[in-house]
Amino acid sequence: MLWGGSLFAAAVSPVEFNRDVRPILSDRCYTCHGPDRASRKSPLRLDQEQSAHPALGRILERITSTDLSRRMPPAYMGRERLSNAEIDVLRRWIEQGGKYEPHWSLIPPKKTAPPEVREKAWPRNAIDSFVLARLEQEGIAHAPEADRATLIRRLSFDLTGLPPTPAETEAFTADRSPDAYEKLVDRLLASPRYAERMAIRWLEAARYADTNGYSNDGPRDMWRWRDWVIDAFRTNMPFDRFTVEQIAGDLLPNATVSQRVATAFNRNHRTSAEGGIVDEEFRLGYVGDRVETTSTVWLGTTIGCARCHDHKYDPYTQKEYYQLSAFFNNTPDRGFVYNFGNEPPYIYAPLPGQQAKLDALEAKVAAARQKVASLEPAVDRAYAAWTPPADWNVRDGLVTGQPRFDYKDPFTFAARITPKSPKGAILSIGEDYFEGKGHYLFLIDGKLRLHVTFRYSDLSLRVETADALPLAKTQHVLVTYDGGMRAKGVHMYVDGREMPLKVLFDYGIWPIENKEPLRIGAGGGLRWDGKIEDVRIYDRALSAREAALVAMTDAAARARTREAFLDLAPPPEYAAARAELQGLESRRAQLLATIPTVMVMEELPQRRDTFVLKRGAYDAPGEKVEPRTPAVLPPFQPNWPANRLGLARWLVDRGNPLTARVTVNRFWQMLWGVGLVKTVEDFGSQGEWPLHQELLDWLAVDFMDSGWDVKHIMKTMVMSAAYRQASKVTPQLLEKDPENRLLARGARFRLPAEMIRDQALAVSGLLVERVGGPSVKPYQPPGLWQELFGGKGYVADTGEGLYRRSLYTYWRRTVAPPAMMSFDSPSREVCVVREERTNTPLQALNLMDDTIYLEASRKLAERMVKGGGIDAGTRLVLGREPRAMERAVLEGALEKFRARYQAHPEDAVKYLSHGDSPRDRSIEPVELASWTGVASLLLNMDEAVTRQ
């Protein structure tokens, strides 16, 4: 926390409150004397100047006291004494007047002029002036520029996530024009690969996954939002628009499908379909996730810490947390969700080709409807001359055998009843006890009631009429269900009149596997007392008009209706036109079934109340609050709507001091491995003070000045001389600046998980490049899914699905892709913006033994055998020629492999059997296995998995 002050500046320059003092007070004092009123031990507040200033002398006395009963931090609470260096900082600060400053991140950034430097020839843009000025201040020399092979490999990974080809490296190395480097940068930024590279970090921040994330972790389809993100980076959508559409695209005037798809950002969180959960508890948890994700991604704040109490370190109150949550608390989604696909609200998000087909079908349907309407006069004439039969009833969809319905199947139940008791079963297709699984039509307390039940307590649809039916009276009852899993799809009719309904439970979202027979007058543990006649069951939901027809008591009158005529004797031309319309509507329904959907944000028509929750408990509401942003940040303008759209406008308003800073800091992290503020997720008191604040602020303002142009700011960074430096480190520099925070050399760090795998695919020739589309299932060790869920478990794809970029890998949160997790990918359970890197033996095991790396080694070996040998393999993997010592080691390894496999040729065949791609049969197995071992060594070199 004290890196910025203690290591470089505190001892040699005047004490600065933000840089040197605030971290000490925040870390050691704010728990008892900070923003959280609940944990404050005295009226003294060290986070506020007006409270602290009169007590500065006393503060110095208490922190230096040798009396443990008086010393601060208090020994009786187990707190350690401040270090001598910390005490010295506070003493000098007090001697200098004890001046307070607003937290640096809350002061709007300014674009100061780049400082003057002594080495005027080095800077290529403003970034270099800021970097070099600090290096000259510290007496540290910058590194020379990296060689061209290193530069193109570095740039290719940083801007596209994939390595350059040997031909690209050769062309760049040979290009001696003054703008060769800039041309390379522009080419990479224009590549579709750039958009995919940028998208994966955004997916991690957005906690994107292909499953719900709790319990049995059911599937969801959100990949059309991933496509939207890729396309936004491809087209270089301005970041302010990128923000607004994801936070509130549905609230924009005349919102397009694309803008509504964008709002899936805040539907990516985990959801639960676990039996027994409290719906409201989880719903409020989802609201909290949206608050915390939004504040992390755009504001770099830990405001989620104020969910149960005032923030202990930063000036955010619990009330402000819930005021912010009010922006997200007005959506109709539930806490307990559907576990077999997308949970409402969702929309169709057709692919371009699908949209064209849908538009064409819609036009044909409209024309067919018009044709049917034009034939109505002829139908009327024929109907007037028709002789009706003696009897007729609605036949379309009538079930004549044993009915079988699931939870998404539409149906109609109808019967004529004369009840003697207010309680009984009219018909059932389910278990014979009241809370049983199945479909039931009851009379309960005289009210007509429908049950569609998997589990009565929480996975059931129960609807009844608002009023009771009279006893001892013959009446026709008819109930329809549209298969939509919600009570709004239920209609009830008595004697053909639709009845007002009361919803008892509204969550029939689970499959009902039912082999029970149809029972008339029985079911659910109840028996019928009275008469039941004319039971009719349909496999569709009848219309209101049809319900009235079925209810008619005069069969002859029903047979004289126009509906009977159209069923029995329609004019041939009209019948053909209607059949054509029905066929087109069926084709449209079939097409819609293939169109992907995506869960989106949607506002309730009437605002839901939001309350401060005492201790954060869902069932302990306190003060009611309205949507509002934290007081310490710039005010919410009165012309902005008090909804998510207004919040989005506030986030990207130039007066907001955080969004641009936080965003460019994460872009910097992508290129340097660590942000200018290392704590990319926390720009608060517990976060790091930036070593290069003026540079950070210059970048933030330049980003806004450019029109929030992401490609512009990325180009600005990679065009700098600082970025182009060689990454070689000297012992002296390692001692003075071990983490390279002063930027005296180029960044060197292990490649992210997806780049390691994608590189292996690329250099082996296996990579299938196709932008967008559904997630794919590459190889995965067997048994992982079965351990948690049983069943058939994980089934890998065949064909190109095995070789797509890792961006598209199917992500099941409870069993995330193991190879990606081994290389430090976040689990995507929550928002993660900091890139972490570890070094474990499991990573080496993965690179040596995972199917994809064995297969990639085989295919790389085939390329080496076909031409170029060790030199070609080294150029493909490392982007350079092998050194003499490397060539000797690899040649020696090749001979050892040959000897081994010549002695055991069956092992060679076994070694080459991994992966679905065909083996090159023109290469003898022993020879190919030997070269595969060499290729594996190349892919396992430290340099291969490192961004130099």
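Guide: A residue counts as buried under 20% relative accessible area, as exposed over 50%, and as partly exposed in between. Please keep in mind that this is a predicted model.

Visitor: What does R562 pair with?

Guide: R562 forms a salt bridge with E376, and the closest N and O atoms of the two are 2.5 Å apart. E376 belongs to helix 18 (residues 376–384) and R562 to helix 21 (residues 562–568), so this pair ties together parts that are 186 residues apart in sequence. E376 is also partly exposed, because its relative accessibility is 22%.

Visitor: How many salt bridges are there altogether?

Guide: The count comes to 72 salt bridges, taking a side-chain nitrogen of Lys or Arg within 4 Å of a carboxyl oxygen of Asp or Glu as the rule. One of them joins the side chains of R812 and D217, at 3.8 Å from N to O. R812 sits in the loop between helix 30 (784–789) and helix 31 (818–822), while D217 sits in the loop between helix 11 (192–205) and helix 12 (223–234), so the pair ties together parts that are 595 residues apart in sequence.

Visitor: And are R812 and D217 buried or exposed?

Guide: Both R812 and D217 are buried. Another salt bridge is made by the side chains of E343 and R486, with 3.2 Å from N to O. Here E343 lies in the loop between helix 16 (318–325) and strand 1 (346–348), and R486 in the loop between strand 7 (475–481) and strand 8 (490–494), which links distant parts of the chain, 143 residues apart. E343 and R486 are both buried.

Visitor: Which residues are linked in a network of salt bridges?

Guide: K111, R654, D702 and D705 are linked in that way.

Visitor: Switching to pockets, how much space lies in the largest pocket?

Guide: The largest pocket holds about 930 Å³ of space. Its lining consists of 42 residues, and those nearest the pocket centre are W672, G746, A747, R748 and F749.

Visitor: What does that lining look like by class?

Guide: The lining of the largest pocket is made up of 17 charged, 15 nonpolar and ten polar residues. Helix 8 (148–160) and helix 24 (659–672) each contribute at least two residues to the lining, and the largest share, four residues, is supplied by helix 8.

Visitor: Now helix 15, why does its length agree with what you'd expect?

Guide: Helix 15 (residues 279–299) has 21 residues, which at 1.5 Å a residue should span 30 Å, and its end C-alpha atoms are 29 Å apart, so the two values agree. Helix 15 is mostly covered, since 16 of its 21 residues are buried. After helix 15 comes G300, whose phi is positive, near 60°.

Visitor: Last topic, in what order do the six strands of the open sheet run?

Guide: The order is 10-6-5-4-3-11, with antiparallel pairing. Strand 10 (501–506) and strand 11 (519–520) stand at the edges with a single partner strand each, so one side of each is left without a neighbour in the sheet.

Visitor: How many bridges pair strand 3 and strand 11?

Guide: Strand 3 (residues 424–430) and strand 11 pair over two bridges in the antiparallel sense, and S428 has R519 in strand 11 as its bridge partner.

Note on methods
Residues numbered from 1 in each chain as written. Predicted model: local features only at pLDDT ≥ 70, side-chain atom pairs only at ≥ 80, totals over all residues. Heavy atoms only, no water. 1 Å grid on protein atoms, 1.4 Å probe; cavity = no way out; pocket = protein on both sides within 12 Å on 5 of 7 lines; lining within 4 Å. Points joined across faces, edges and corners; volume = space filled by probe spheres on them. Nonpolar A, V, L, I, M, F, W, Y, C, P; charged D, E, K, R; others polar. Expected span 1.5 Å × (residues − 1). Buried < 20%, exposed > 50% of the residue type's maximum accessible area, 1.4 Å probe, protein only. Pairing = 2+ DSSP bridges.
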